[in-house]
Amino acid sequence: MKKKSASAGTFYPSDKEELTNLIRCFEIKQPPYSSRAVIIPHAGYIYSGKLAANGIQHLKKDAKNVFIFAPAHYERIFGCTVCDYDTFETPIGDIKVNKKLIRQAAEFCDCNKSNFAFEKEHSIEVQLPLIKYFMPEAEVVPVLYGCENFKNLCETLEYFWADENNVFVISSDLSHFYPEKEAVKIDNYTARMIEENNFSNFEQEQACGAVGICGLIEFTKKKKFSLIRTGLTNSSAATGDSSRVVGYGSWFLYEGEKNNYIKEYYSDFVKKICKDSILSGLQLGQAKINNYDCVFEQYGASFVTLELDGILRGCIGSIIAHKPLIKDLIHNAHAAAFSDPRFPALTLNEYNRITIGVSLLSKPERIEFETEEELLENLRPGVDGLIIRDGNYQAVFLPDVWEQLPDKQEFLEQLKLKAGLPKNYFSESFEAFKFNTTKI
């Protein structure tokens, strides 16, 4: 049984050639990383088709099955619903439904099987031409949800993740019908939650597919993976109407820490950002970096270290991610060269001889302890950076400092002295946080 398209002619062109030409315009250079899960929008192609296509192109091209988790817009659903169709029609060719996986999903999720909820549902259908174009041999496993616990979707995703032939699409738009300035604030807030694997207090109003997004965040957090941004926009970019906009975002799942992704694929670019920032300071200008990947729009914390003939020449950084990484790198590189109070401003002659090191910091993790001995037991020499704080006293050591201070006790004592505290200081209000760094 074939599901006739209800979205052709409205959400995307119904003419095969016109639709093919439009999708062809969405093609991008082969991404450096092939993912197994994405979050992509499901609005009309003139609004979010480019962003959705970008996300689909980040999926493994040789995947055999594409699970689509999407919210039901037209029918009230409790839990999840799967369909009984054999194929879905698209203007560029029918796409096959994997009936075996449909049965497995229905059994695992304890969900209903009904075609009724799928009749007009665009949140599934708008993804199908993109999947058919970019992954022509793949079959789909469409799952609609309504009043559902996101943890059930997380467990479903985890169960089917075991088969590497499966990839996953979380179909969702972001905020709906706010004035653009307000929508941008909401969507940026949502983006940070997604990128920090934080679903606490995630509200339904932030995304129509909030359940699916939170399910993927829960899965990502469990696996210690990362969600990497590929784009963030809203409908005003297409319509020019900023009075009531809909937000759109796209992310792909990276099986590791975001900082490792940046190191693996963008080390040269990171160093270029820092060099350009320092050079602009020497020329009394401001660094302007264009055409950078969206991962650098995500918040990040960095330290930039300058060495001259192997000797420290400046080091400035951020402990907490409080701005987009690209801005953090530009600021810290400039500050390391010209604002480190331990050194005079860098000269042009020195610029040609310095080496630049960048440390990308993970999110600090509070260390729970009652005694100094317990604190020391929680430290891993050579691995952990350490932040200590008590009232207005605060100091940080990067993991590199272990090379000069390999003894835990001495490491902590010197950090206390750096904070302006006696080396034997301890109190009930004494706090400590550890982090790790990815070095470029």
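Q: Which residue does Glu-431 meet in a salt bridge?
A: The partner is Arg-389, and the bridge has an N to O distance of 3.2 Å. The model is a predicted one.

Q: Is Glu-431 buried or partly exposed?
A: Glu-431 counts as partly exposed, at 22% relative accessibility. Arg-389 also counts as partly exposed, with 30%.

Q: How many salt bridges does the structure hold?
A: There are 20 salt bridges in the structure. One of them is between Glu-158 and Lys-222, whose side chains meet at 3.6 Å, N to O.

Q: Which helices hold Glu-158 and Lys-222?
A: Glu-158 is in helix α6 (residues 150–161), while Lys-222 is in helix α8 (residues 210–223). This pair links parts of the chain that are distant, 64 residues apart.

Q: How accessible are Glu-158 and Lys-222?
A: Glu-158 has 32% relative accessibility and counts as partly exposed. Lys-222 has 46% and counts as partly exposed as well.

Q: What does Arg-229 form a salt bridge with?
A: Arg-229 pairs with Glu-195, and their closest N and O atoms are 2.7 Å apart. Arg-229 lies in strand β11 (residues 226–234) and Glu-195 in helix α7 (residues 180–195). The two are 34 residues apart, and the pair links distant parts of the chain.

Q: Are those two buried or exposed?
A: Arg-229 is buried, and Glu-195 is buried too.

Q: Changing topic: how many disulfides are there?
A: The structure holds zero disulfides. Cys-109, for one, is in no disulfide, and the nearest cysteine sulfur, in Cys-111, is 4.7 Å away.

Q: What about the surface: which residues form a negative patch?
A: Glu-370, Glu-373, Glu-374 and Glu-377 form a negative surface patch.

Q: Where is Glu-377 found?
A: Glu-377 is in helix α13, which covers residues 372–377.

Q: Why does Glu-377 count as exposed?
A: Glu-377 counts as exposed because its relative accessible area is 63%, and exposed means over 50%.

Q: Now the whole chain: how many helices and strands does the protein chain have?
A: The protein chain has 14 helices and 20 strands.

Q: What box do the C-alpha atoms fill?
A: Taken along the principal axes, the C-alpha atoms of the protein chain fill a box of roughly 75 × 50 × 40 Å.

Q: And what share of the residues count as buried?
A: The protein chain has 440 residues, and 55% of them count as buried.

Technical notes: Residues are numbered from 1 along each chain as its sequence is written. This is a predicted model: local features need pLDDT of at least 70, side-chain atom pairs count only at pLDDT 80 or more; totals for chains, interfaces and linings use all residues. Side-chain values use heavy atoms; hydrogens and water are left out. Patches are made of residues with over 30% relative accessible area and no salt bridge: like charges are joined within 9 Å, nonpolar side chains (Val, Leu, Ile, Met, Phe, Trp, Tyr) within 5 Å. Accessible areas come from the Shrake-Rupley method with a 1.4 Å probe; for residues, only the protein chains shown count as cover. A salt bridge is a side-chain nitrogen of Lys or Arg within 4 Å of a carboxyl oxygen of Asp or Glu. Lys and Arg count as positive and Asp and Glu as negative; His and the chain ends are not counted. The place of a charge is taken as NZ of Lys, CZ of Arg, CG of Asp or CD of Glu. Helices (H or I, at least four residues) and strands (E, at least two) are DSSP runs, numbered from the N terminus. Buried means under 20% relative accessible area, exposed over 50%, partly exposed in between (1.4 Å probe, protein chains only). A disulfide is a pair of cysteine sulfur atoms within 2.5 Å.
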